[in-house]
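Here is a short briefing on selected local features of one structure. Please keep the sequence and the 3D view at hand while reading.

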Amino acid sequence: MATDHRDQAVAALARERVDHRFKGLPPNAEGLTVGELAAERRSLFTGGFTTPVLALSAEALEHNLVAMERYSAAHGLAFAPHGKTSLAPQLFERQLAHGAWGITAAVPTQVRIYRAFGIQRIFLANEVVDAAALHWLAAELDADPDFRFIAYVDSVRGVELMDAALREAGARRPVDVVVELGGGEGARTGVRTEAECAAVADAVAATGTLRLVGVAGYEGEVPKPDGERVRAWLRRLTALAADFDAAGRFEDLDEVVVSAGGSAWFDAVADVFAELPTLSRPVLKLLRSGAYVSHDDGHYRHLTPFNRVPEEGELHPAFRLWAQVVSRPEPGQAFLNAGKRDAAYDLDMPEPQLIRSARDATTRPATGLTVTALSDQHAWVSVADGTDLEVGDWVALGLSHPCTSFDKWQLIPVAESDGTVTDYIRTFF
């Protein structure tokens, strides 16, 4: 039944009408449904798309989905990819089809989006002390006995606030929680010491509205992370799970949840989780990497663990932002019509990769071009001496940081290697 709801909700996206809300799409497609436009299989380059336009590689998306499915299975890990990366239900559906246990969220608003599209297992990798959100959550859990939800807790005060809100809501099902172990002094959220973790667990046990189901954290927040420090923290996390189990904190559970894993250290997570001693209950070893689905041409290209374990797979960058040269005011300077509103720039500048000639549609490497700055709607491009670049040429930009690429586009064409657009991904930022 839940799968039917998911299928219907995602299918309904194809019935949305194309109009002025969706930048980059062909003006002469106005009034078509998304499904009708996809069926036309237009060319990204000659099908009426306006620049700038962000596209996702059909081949890279499929490759990345398969790569992480295989990696997780090979290491005995359940996988709940972080949905905040894309906030795209169509991609969630594909991730679930490729073996994902569920989808991770960052805030209650995202949980509501997931539920609107029928996601049945949600891991909220954050604390939630908002009474209004907890009232909604209680109603959602009570209405659907098959809905599995897990959230972080990291303080006695937070537990008290959750308990008060859930009691006020008349919650009939307890909310499953995991104690979040912080990455260390100066890290982000999370309990700093094992003694404090025990105090938080005791506070949970004293309520009737919460149920402790495990431990979790995010190794990416370990200060000055390297392989040794990250693995040391992960061993603290698994030791905490073992200590809680020995203390009888999990005796009423069917399984214990132990979760970590961003996109930079999932190899360390796999290694240390494999060392976890046998507990009194089966263990759900839950990995939460999210950026893999599109990967990138900057930050994650350098950080991906597959650089350390290439024999276990690789990820392919799926994003390409096509912009047009609109001005060549000086010999060494060009301006593209894509800026901060279109491209991620929080970690690295976009990387020019290809030039598509406006004269003859030939494509060549973007050698000699460097993006030096972004304005709201312009990219500042340094042009090396002797580089052939004219007003009207299209330039393909590789992007760094998937999370701040997806959030600038509401409807993203999925293009095959020859430029044929086969689908459109709807985001909900």
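The model is predicted. Helices α8 and α9 pack against each other at an angle of about 45°. Gln110 is buried, and Gly262 is buried. The structure holds 30 salt bridges.

**Helix pair α8 and α9**

- Helix α8 spans residues 194-205, and helix α9 spans residues 227-246.
- Their axes lie 11 Å apart, and the packing angle is about 45°.
- The two helices are therefore oblique to each other.
- The crossing of α8 past α9 is right-handed.
- On the α8 side, the contact is made by Glu194, Cys197, Ala198 and Ala201.
- On the α9 side, Arg236, Leu240 and Phe244 make the contact.
- By class, this contact has five nonpolar and two charged residues, with no polar residue.

**Gln110**

- Gln110 sits in helix α5, which covers residues 108-116.
- Its relative accessibility is 11%, so Gln110 counts as buried.
- Leaving aside neighbours within four places in sequence, Gln110 is in contact with Lys84, Leu87 and Ala105.

**Gly262**

- Gly262 is found in the loop between β8 (256-260) and α10 (266-273).
- This glycine has a relative accessible area of 9%, so Gly262 is buried.
- Beyond neighbours within four places in sequence, Gly262 is in contact with Tyr218, Glu219 and Ser289.
- Gly262 and Leu44 are 218 residues apart in sequence. In space they are 33 Å apart, C-alpha to C-alpha.

**Salt bridge Asp163 to Arg167**

- The side chains of Asp163 and Arg167 form a salt bridge, at 3.1 Å from N to O.
- Both residues lie in helix α7, residues 156-168.
- Asp163 and Arg167 are four residues apart, about one turn of the helix.
- The cut-offs explain both labels: buried means under 20% relative accessible area, and exposed means over 50%.

**Salt bridge Asp19 to Arg21**

- Asp19 and Arg21 meet through their side chains in a salt bridge of 2.9 Å, N to O.
- Asp19 counts as buried because its relative accessibility is 19%, under the 20% cut-off.
- Arg21 counts as partly exposed, at 37% relative accessibility.

- Asp226 is partly exposed, with a relative accessible area of 29%.
- Arg229 is partly exposed too, with a relative accessible area of 41%.

Key
Residues are numbered from 1 along each chain as its sequence is written. This is a predicted model: local features need pLDDT of at least 70, side-chain atom pairs count only at pLDDT 80 or more; totals for chains, interfaces and linings use all residues. Side-chain values use heavy atoms; hydrogens and water are left out. Axes are lines fitted to C-alpha atoms, for helices over the stretch in contact, and angles run from 0 to 180 degrees between N-to-C directions. Angles under 35 degrees count as roughly parallel, over 145 as roughly antiparallel, 65 to 115 as roughly perpendicular and the rest as oblique. A crossing is left-handed if the near helix is turned anticlockwise from the far one by less than a right angle, and right-handed if clockwise. Contact means heavy atoms within 4.5 Å. Ala, Val, Leu, Ile, Met, Phe, Trp, Tyr, Cys and Pro count as nonpolar, Asp, Glu, Lys and Arg as charged, and the others, Gly among them, as polar. Buried means under 20% relative accessible area, exposed over 50%, partly exposed in between (1.4 Å probe, protein chains only). A salt bridge is a side-chain nitrogen of Lys or Arg within 4 Å of a carboxyl oxygen of Asp or Glu.
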